[in-house]
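Trainee: Could we go through this one together, question by question? I would like to see how each answer is reached.

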2 protein chains.
Amino acid sequence: MKKRVLLTNDDGIYAQGLLALYETLREDFEVHVVAPEIEMSAVGHAITLHNPIRVKEVYRRGKFYGYAVTGTPADCVKLATQELLNGFPPDVVISGINLGANVGVNVLYSGTVSAATEAAFLGFSSAAISLDTVTKPDFGFAAKFAKRIAEFLMELRLVYKIALNVNIPALSEEQIEGVEFTTQGTARFIERFEKRVDPRGNVYYWLTGEVPMEDPRPDSDGKVLKSKKISITPLHFDLTHYPSLKVLRDEKGFLEKLWKGTL
Amino acid sequence: MKKRVLLTNDDGIYAQGLLALYETLREDFEVHVVAPEIEMSAVGHAITLHNPIRVKEVYRRGKFYGYAVTGTPADCVKLATQELLNGFPPDVVISGINLGANVGVNVLYSGTVSAATEAAFLGFSSAAISLDTVTKPDFGFAAKFAKRIAEFLMELRLVYKIALNVNIPALSEEQIEGVEFTTQGTARFIERFEKRVDPRGNVYYWLTGEVPMEDPRPDSDGKVLKSKKISITPLHFDLTHYPSLKVLRDEKGFLEKLWKGTL
């Protein structure tokens, strides 16, 4: 029996990157597509609580392709695994192929990645696949590599389910120099807002000027990607900062200060 | 000179929880309010890239209260610190007071918390304050405790800036039994979707039935909150799962398998 793969993304169900995954993965797997109806970039780990979620069947060349969902990538994973797949859980969830890298702190803003982390905490192995380009994408190798990742996740027998954040250089297979397991870079961006005035005299702003700062760690996702290698970072969803927790707990006076207000 | 505190939230600038913070913190601090114009719950760490952001001055009883922003909590923090505060950075950023606890995996979905983590990675000490009730809130003690947290953050001299996720029981000060530094619970929710049909015969879904599973760790945020104590979890934004990274790196065959596709 074929293994089942659930595909989703944040660029929307009509995106080329998703289609590339679909075409390549269904060579070997039973593939299910459940993706946002419209583009959902930078939605982070949003979910839809205050609106109903609608689902539409999408056809390609007269054949059923998948479900378009009026929600976020995380909504798609929840709805797919609990409703739309009729009780047959996927073996692996793959999100992508995103147009543009998801490295460093961008990981937090990424809808593509949040679909993978949502899948992981629902108990599924998953990966987010991103291609490091925003123009003229060739998804061929990235889709092929995504299939390898799906097979790898099916083979791995980890106690806990992990989400892999995979970033692929926008190069031909021959030009790519390898694969590394990496850390999420923590260097932030230098951003600015561009202030404009609309024709009616009202001020508005665009977020712009995103200059990445240098990450000090050589094994970070961004650095590895820049060296023409594929970066794979295992992600989790425990945001506790344990070193700080230790500092806070070790200083015995802190709790009393906070509790009694004697600062 | 008074210390500067930036206030934001995800319930929107007209929320009572934000007003309670404002009234209490301005007793001692110079307070700036920059918050979403409308409710932004469960937006996760979304940012606005594809739409312009508008800003509106909001007045209360004829006096300037703050800026309403057509964006997410994370947008508010970015825009406030880079534009609206005129180059005077806040000493501390406080997000809240949220109506409802933000514990366990809900932390990932929370706009309140994402404002605090956004502030931390922009280099500011910050806290997200949530009150564990959704009905008849009394924000009095929570606001008072938020002031203590702000003072605590100003006193702490950590090399890196942290975000504190603070959850407060909906009890009177006398009934609260203490404060603990906690970990983020990782137990997930048992959710389901309610399927309905609209008057025109179309199917739609509501996300519902959120039953929290038990977290195995006694020092987790949810467990501590249930024991009538205030929980304080230091958060960060490096999602790398280091134990998995070690497993992946230690197994020498993995990289070769992935690279050569010889699975």
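Mentor: Gladly, and let us settle one term before we start: a residue counts as buried if 20 or more other C-beta atoms lie within 10 Å of its own. Keep in mind too that this is a predicted model.

Trainee: What do the buried residues of α1(A) pack against?

Mentor: Leu21(A), Thr24(A) and Leu25(A) belong to the buried set of the helix, and they are among the residues that Ala146(A) touches. The partners of the buried residues are all elements of chain A: β1 (4–8), β2 (30–36), β5 (92–99), β6 (125–132) and α5 (140–155).

Trainee: Nice. Which residues have the most contacts inside the largest nonpolar core?

Mentor: In soluble globular proteins, nonpolar side chains tend to be buried together. Here the largest nonpolar core has 159 residues. The residues with the most contacts inside that core are Ala146(A) and Ala146(B).

Trainee: Let us look at Val93(A): how many other C-beta atoms lie within 10 Å?

Mentor: Val93(A) is found in strand β5 of chain A, and the residues it touches include Leu6(A), Val77(A) and Phe124(A). The C-alpha atoms of Val93(A) and Leu7(A) are separated by 6.0 Å, although the two residues are 86 residues apart along the chain. Val93(A) is buried, and its count of other C-beta atoms within 10 Å is 32.

Trainee: Over in chain B, which residue of β5(B) is the bridge partner of Leu6(B)?

Mentor: Strand β1 of chain B (residues 4–8) pairs with β5(B) (residues 92–99) in the parallel sense over 4 bridges. Within that pairing, Thr8(B) stands opposite Ser95(B). For Leu6(B), the bridge partner in β5(B) is Val93(B).

Trainee: How many of the residues of β5(B) are buried?

Mentor: Besides its pairing with β1(B), β5(B) is joined by 6 bridges to β6(B) (residues 125–132), and these strands run parallel. In β6(B), Ala128(B) is the bridge partner of Ser95(B). β5(B) is largely enclosed by the rest of the structure, because its buried residues number 8 of the 8.

Trainee: Last topic, the two chains: what relation do they have?

Mentor: Chain A can be laid on chain B with an RMSD of 0.0 Å by a turn of 180° and a shift of 0.0 Å along the axis. That is the relation of a two-fold axis.

Trainee: Then which element of chain A gives the most residues to the side that touches chain B?

Mentor: The contact takes 65 residues from chain A and 65 residues from chain B. By class, the side of chain A has 35 nonpolar, 18 polar and 12 charged residues. The element that gives the most, with 5 residues, is strand β10 (residues 203–212) of chain A.

Conventions: Residues are numbered from 1 along each chain as its sequence is written. Chains are lettered from A and ligands numbered from 1 in the order in which they are written. This is a predicted model: local features need pLDDT of at least 70, side-chain atom pairs count only at pLDDT 80 or more; totals for chains, interfaces and linings use all residues. Copies are superposed by least squares on the C-alpha atoms of residues with pLDDT of at least 70 in both. Two residues are in contact if their C-beta atoms, placed from the backbone, lie within 7 Å. Helices (H or I, at least four residues) and strands (E, at least two) are DSSP runs, numbered from the N terminus. Ala, Val, Leu, Ile, Met, Phe, Trp, Tyr, Cys and Pro count as nonpolar, Asp, Glu, Lys and Arg as charged, and the others, Gly among them, as polar. Two strands pair if DSSP finds at least two bridges between them. A nonpolar core is a set of buried Ala, Val, Leu, Ile, Met, Phe, Trp, Tyr and Cys residues joined through C-beta atoms within 7 Å. A residue is buried if 20 or more other C-beta atoms lie within 10 Å of its own, exposed if 12 or fewer, and partly exposed in between; C-beta atoms are placed from the backbone. Lists of a residue's contacts leave out its neighbours within four places in sequence.
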